[in-house]
Amino acid sequence: MLGLLWLALFNLTGPARAQIQGAPQNVRAMVEAETSNPAPGDTVTIAVIMDPKPGWHDYWLNPGDAGTPLELDWTLPDGVTAGPIRAPVPETLVVSGFMNHIYKARHAFLVDLQIAPKLQPGKKLDLKVDARWSACSDLICVPESGSFTIPLTVGNGAIAAQQRTRFDQWRAALPVPLDRQANYAINGSSISIAIPFPESAAADKVWFFPQTQNVFRYAAPQTARRTGNWLILTGGVDKGFDGQIDGLLRFGDGQGIELRALPGSIPSGGETVSVLGAGDTAQENGNPESFAVILALSILGGLLLNLMPCVFPILGLKAIAIAKVGGDERTARRDALAYTAGILLSCLALGAIMLGLRAAGQEVGWAFQLQDPFIVFILLLLMVAITANLVGLFELGAVGAGEKLARQGGAAGSFWTGVLAAVVATPCTGPFMAAAIGAALLLPSAQALLIFAGLGLGLALPFLAIAYIPALRARMPRPGPWMVKFRQWMALPMGLTALALLWLLAQLVGGAGWALGAISAAILLIAIVVIKRRQAPVGLILGVTGILALAGNLALDRLPRSATIQSAAAELGGEIFSEAKLAQLRDEVKPVFLYFTADWCVTCKVNEAAAIDREDTRKAFEKAGIITMVGDYTRRDPAITRFLAKHGRSGVPLYLYYPKQGEVKILPQILTVSDLTELAN
């Protein structure tokens with residue numbers, strides 16, 4: 001059944017590709033030729049002009065710790081060849097301790113095209129180029145692309161004066177090649193580069209951008225000094241290296257020198273030179289936090305997730321698993337490791353898919369899986385099957401938890417319990433978890449996946465503690481006949497979970513969701529009863545589930561999405577979320593309580609029932625003139641995803657209070673009436 005769920009998750013990637021093509025660009029790209037009539041044997045310069053929106057950036061040839069550079073795929077006629085990309089001098093940006101080499105202002109990459117002497121005047125040359133680049137803010141990155149046609153005609157090579165001026169400005173932003181060799185020396189984790197630099201030339205705000213990759217620690221601090229006709233910069237390296245190093249020295253107000261360095265001697269002494277970032281805001285954007293702190297937050301968030309209301313439906317399975325580990329130490333540890341493996345695999349898979357969807361241009365957040373009707377439908381079938389298993393309609397080693405399973409096949413049961421724990425529990429965003437996942441979306445893929453693995457490890461920690469701490473294990477109840485009755489009672493929360501998923505399916509696709517889900521669940525239950533009575537292979541249940549999943553996918557593709565989501569949000573209070581409306585209310589100096597919810601978020605619903613939708617809260621808000629604004633995240637909403645990202649979150653709940661004057665206040669994720677009524681004081 002997990003295979004069906006992963007199939008459902010990957011089903012999301014189809015719409016992502018189609019969506020990218022029509023998405024507005026955050027870094028707009030244009031292509032121009034210096035002349036449209038190059039002469040035979042001439043070189044014509046092409047400018048790929050990049051224009052980032054405010055708050056967005058793209059990347060240099062070596063992007064640093066994250067991001068991807070501009071990539072160009074040329075389709076050229078015979079007689080035309082393209083040279084390498086020449087890039088202007090970049091600037092630095094540090095986000096969460098990771099260094100990026102970026103451009104925030106309008107700039108141009110230049111490429112020289114060589115026109116063969118054999119081409120005759122009047123010949124038309126249709127050039128095509130497919131461009132790909134990353135467009136990033138301090139909170140989110142999306143891939144962007146464009147296809148461009150450059151019509152040229154072989155002619156006399158004349159260049160209009162205005163066009164020459166424009167291209168000369170682009171060329172002036174390029175670094176100047178250094179005509180002498182630089183030297184470098186590595187000492188442990190430190191590298192020093194001695195660059196020939198005239199003693200009479202001014203140098204400040206220097207920074208070395210390595211173009212050679214996988215040598216430098218990009219985020220390591222750099223220091224600089226100069227002695228005579230040498231400028232020496234010192235930074236950090238990951239490992240020893242004895243090859244050539246290509247790079248760019250930035251100095252002054254965005255000037256640059258291209259250089260190549262080989263192993264050699266480094267002059268000693270000299271006077272200190274300022275480096276880029278010392279007293280300069282260009283290097284200190286974002287909120288740098290060490291990766292170790294972020295990883296610790298993810299583990300702690302996963303641990304606390306065990307206490308969140310959204311985990312209640314699987315507490316029965318957890319309780320059975322705890323009872324199973326009450327045997328010998330070897331069995332206990334084996335089952336705990338299997339349970340942990342199930343959680344880690346699921347968290348890594350969910351994290352990888354979310355990162356992949358975001359890389360494909362979709363603005364999705366944590367718990368994105370419950371925003372897709374097909375995945376909700378698959379989970380509904382899964383929960384119906386588990387409920388049937390728990391009440392004893394069939395036995396399946398991967399799910400069952402009776403006495404027989406306690407004696408054999410326990411590792412498989414623990415593994416699948418871990419899978420269910422992750423899939424069902426992770427839609428909630430608990431304390432500490434929000435900051436960790438928000439930071440993960442800014443990190444390179446490898447580090448981001450470690451954050452998701454940390455979340456899974458935290459979720460599994462109680463079971464690992466029981467397995468590896470004998471005093472805790474001794475207090476656990478022993479396996480016995482009571483487990484059969486207990487398992488049957490635990491069918492109740494699983495059945496309620498199935499009903500909740502049926503309701504959510506109806507919320508996503510309208511009334512037809514009730515019929516589709518209920519009929520499919522009935523067919524699955526009937527098939528289970530028939531298979532058991534005829535003593536047919538239990539594996540047929542998986543086949544029936546697969547057929548229902550395929551049929552459900554076809555049906556869901558033909559059903560319109562529910563239009564009741566926004567109206568349902570409005571019933572929860574006040575205004576429907578929009579950034580424009582929020583800005584208007586702020587301009588009118590009105591206090592605003594803004595919260596984001598979703599029908600699949602149990603924590604959200606508990607907070608609404610216990611604190612938000614209460615008479616005391618309504619009266620306090622009315623007395624103080626506080627406007628309530630609601631953002632419903634049940635279905636995917638790119639505007640809400642972006643807004644959550646601005647506050648370092650990737651999922652709900654999120655509760656914000658905007659007073660008449662002053663900065664926004666982020667409220668706790670578990671609310672009480674007093675938390676809200678105090679806002680009115």
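This section describes the fold, the strand pairing, the helix packing and selected residues of a predicted model.

The chain contains 22 helices and 24 strands. Of its 681 residues, 51% are buried. Among contacts between residues at least 6 apart in sequence, 78% join residues at least 24 apart.

The largest nonpolar core has 63 residues. Those with the most contacts inside this core are Leu 125, Ile 193, Val 206, Phe 216, Leu 233 and Leu 249. Strand β9, which covers residues 124-136, gives the most to the core, with 6 residues. When neighbours within four places in sequence are left aside, Leu 233 is in contact with residues that include Ile 191, Ile 193, Ile 195, Val 206, Phe 208 and Leu 249. The contacts of Leu 233 also include Ser 192, Gln 222 and Thr 223. A second, separate core comprises 36 residues, among them Leu 380, Val 423, Ala 498 and Leu 502.

Strand β16 spans residues 230-236 and is mostly covered, with 6 of its 7 residues buried. Strands β13 (residues 190-196) and β16 run antiparallel and are joined by 7 bridges. Within this pairing, Ile 191 has Gly 235 of β16 as its bridge partner. Strand β15 (residues 223-227) is also antiparallel to β16, and 5 bridges join the two. Here Arg 226 stands opposite Leu 231 in β16. The hairpin of β15 and β16 has 2 residues between the strands, and Gly 228 in this hairpin takes a positive phi near 60 degrees.

Positive phi values also occur at two residues other than glycine, Lys 205 and Asn 214. In general, most residues other than glycine have a negative phi. Lys 205 lies in the loop between β13 and β14, and its phi is near 50 degrees. With a relative accessible area of 40%, Lys 205 is partly exposed. Asn 214 belongs to the loop between β14 and β15, and its phi is near 65 degrees. The relative accessible area of Asn 214 is 56%, so this residue is exposed.

Strand β21 (residues 592-597) provides a case of complete burial: 6 of its 6 residues are buried, and the strand is therefore largely enclosed by the rest of the structure. In a regular strand, side chains alternate between the two faces of the sheet. In β21, Val 592, Leu 594 and Phe 596 point one way, whereas Phe 593, Tyr 595 and Thr 597 point the other way, and all are buried. Strands of a sheet pair through backbone hydrogen bonds, either parallel or antiparallel. Strand β21 runs parallel to β22 (residues 627-632), to which 6 bridges join it. Phe 593 has Thr 628 in β22 as its bridge partner. With β23 (residues 654-658), by contrast, β21 runs antiparallel, and 5 bridges join these strands.

An open sheet is formed by 3 strands in the order β3-β7-β6, with antiparallel pairing. Strands β3 (58-64) and β6 (91-95) stand at the edges and have a single partner strand each, so one side of each is left without a neighbour in the sheet. Neighbouring strands of this sheet are turned by 45 degrees against each other on average, direction ignored. The antiparallel pairing of β3 with β7 (residues 98-103) extends over 3 bridges, and Tyr 59 stands opposite Ile 102 in β7.

Two packed helices are described by the angle between their axes and the distance between the axes. For helix α14 (residues 491-509) and helix α15 (residues 512-533), the angle is about 145 degrees and the axes are 7 Å apart. The crossing of α14 and α15 is right-handed. On the α14 side, the contact involves Leu 502, Trp 503, Leu 505, Ala 506 and Val 509, which meet Gly 513, Trp 514, Gly 517 and Ala 518 of α15. By class, this contact has 7 nonpolar, 2 polar and no charged residues. Leu 502 of this contact is also included in the second core.

Finally, Gln 163 is located in helix α3, which covers residues 161-172. Its relative accessibility is 18%, and Gln 163 therefore counts as buried, since the cut-off for burial is under 20%. Apart from neighbours within four places in sequence, Gln 163 is in contact with Glu 32, Ala 33 and Glu 34.

Key: Residues are numbered from 1 along each chain as its sequence is written. This is a predicted model: local features need pLDDT of at least 70, side-chain atom pairs count only at pLDDT 80 or more; totals for chains, interfaces and linings use all residues. Side-chain values use heavy atoms; hydrogens and water are left out. Buried means under 20% relative accessible area, exposed over 50%, partly exposed in between (1.4 Å probe, protein chains only). Helices (H or I, at least four residues) and strands (E, at least two) are DSSP runs, numbered from the N terminus. Two strands pair if DSSP finds at least two bridges between them. Axes are lines fitted to C-alpha atoms, for helices over the stretch in contact, and angles run from 0 to 180 degrees between N-to-C directions. A crossing is left-handed if the near helix is turned anticlockwise from the far one by less than a right angle, and right-handed if clockwise. Contact means heavy atoms within 4.5 Å. Ala, Val, Leu, Ile, Met, Phe, Trp, Tyr, Cys and Pro count as nonpolar, Asp, Glu, Lys and Arg as charged, and the others, Gly among them, as polar. A nonpolar core is a set of buried Ala, Val, Leu, Ile, Met, Phe, Trp, Tyr and Cys residues joined through side-chain atoms within 4.5 Å.
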